[in-house]
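Hi,

Here is the structure I promised to pass on. Have a look at it first, and then read my notes below.

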Amino acid sequence: MITRYAIFGGTVKDGKEAEMRAWVTEHLTPLWRKFACAEEVRVLYGMDQDADGPNIPLMLAITYADRAAMEKGITSPARHAAKARLPELYDRFYDKIELWHYLMDREQYFD
């Protein structure tokens with residue numbers, strides 16, 4: 001299993017955190033959940049962080065079986081539709097935005 005992370009770093013406009021979360025839930029999450037071959041979709045909202053660390057108000061984690069499945073996911077129409085909505089997210093809610101993508105090999109343990 002692999003998980004691809006989209007990390008939305010930066011600063012959300014003052015007082016816009018709850019509105020941003022509602023907007024993401026309404027407009028982006030349904031699209032993210034439709035990515036081809038996605039086995040698990042997690043949307044994470046920052047609550048607290050290290051004082052000297054980067055500010056990360058939003059993360060997206062999508063898990064796929066393998067790279068071939070991920071390639072189908074990131075080339076699917078739902079991804080293109082979600083990507084087209086990102087400028088609106090940035091303009092409405094962020095003072096400053098940085099977007100990073102990371103692909104991680106995943107191991108899972110249940111005790």
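**What I found**

Ile2 has Asp105 of E4 as its bridge partner. Before going further, some housekeeping: this is a predicted model, where local features need pLDDT of at least 70 and side-chain atom pairs count only at pLDDT 80 or more, while totals for chains, interfaces and linings use all residues. Residues are numbered from 1 along each chain as its sequence is written, and side-chain values use heavy atoms, with hydrogens and water left out.

The labels come from DSSP runs numbered from the N terminus: helices (H or I) have at least four residues and strands (E) at least two.

**The sheet**

In general, strands of a sheet pair through backbone hydrogen bonds, either parallel or antiparallel. Here four strands make an open sheet in the order E2-E3-E1-E4, with antiparallel pairing. Two strands count as paired if DSSP finds at least two bridges between them. Strand E2 (40–45) and strand E4 (94–105) are the edges, each pairing on one side only. From one strand to the next, the twist averages 10 degrees.

Going through the pairs:

- Strand E1 (residues 2–12) and E4 are joined by eleven bridges, in the antiparallel sense.
- E1 and E3 run antiparallel and share seven bridges; Phe8 has Leu58 in E3 as its bridge partner.
- E2 and E3 are antiparallel too, with six bridges, and Leu44 stands opposite Met59 in E3.

**The helices**

Helix H1 (residues 17–32) lies across E1, E2, strand E3 (58–64) and E4, and runs at about 170 degrees to E2. Angles like this run from 0 to 180 degrees between N-to-C directions, and axes are lines fitted to C-alpha atoms, for helices over the stretch in contact.

The axes of H1 and H3 come within 9 Å and cross at roughly 170 degrees. So H1 is roughly antiparallel to H3 (under 35 degrees counts as roughly parallel, over 145 as roughly antiparallel, 65 to 115 as roughly perpendicular and the rest as oblique).

**The core, and two residues to look up**

The largest nonpolar core has 26 residues, and Phe8, Met20, Val24, Leu89 and Tyr94 touch the most other members. Such a core is a set of buried Ala, Val, Leu, Ile, Met, Phe, Trp, Tyr and Cys residues joined through side-chain atoms within 4.5 Å. E1, H1, E3, H2 and H3 each give two or more residues to this core.

Is Ser76 buried or exposed? Ser76 sits in the loop between helix H2 (67–74) and helix H3 (77–93), and its relative accessible area is 5%, so Ser76 is buried. Not counting residues up to four places away in sequence, Ser76 touches Phe35 and Ala36.

Asp91 is in helix H3, and counts as exposed because its relative accessibility is 58%.

Cheers

Notes:
Contact = heavy atoms within 4.5 Å. Buried < 20%, exposed > 50% of the residue type's maximum accessible area, 1.4 Å probe, protein only.
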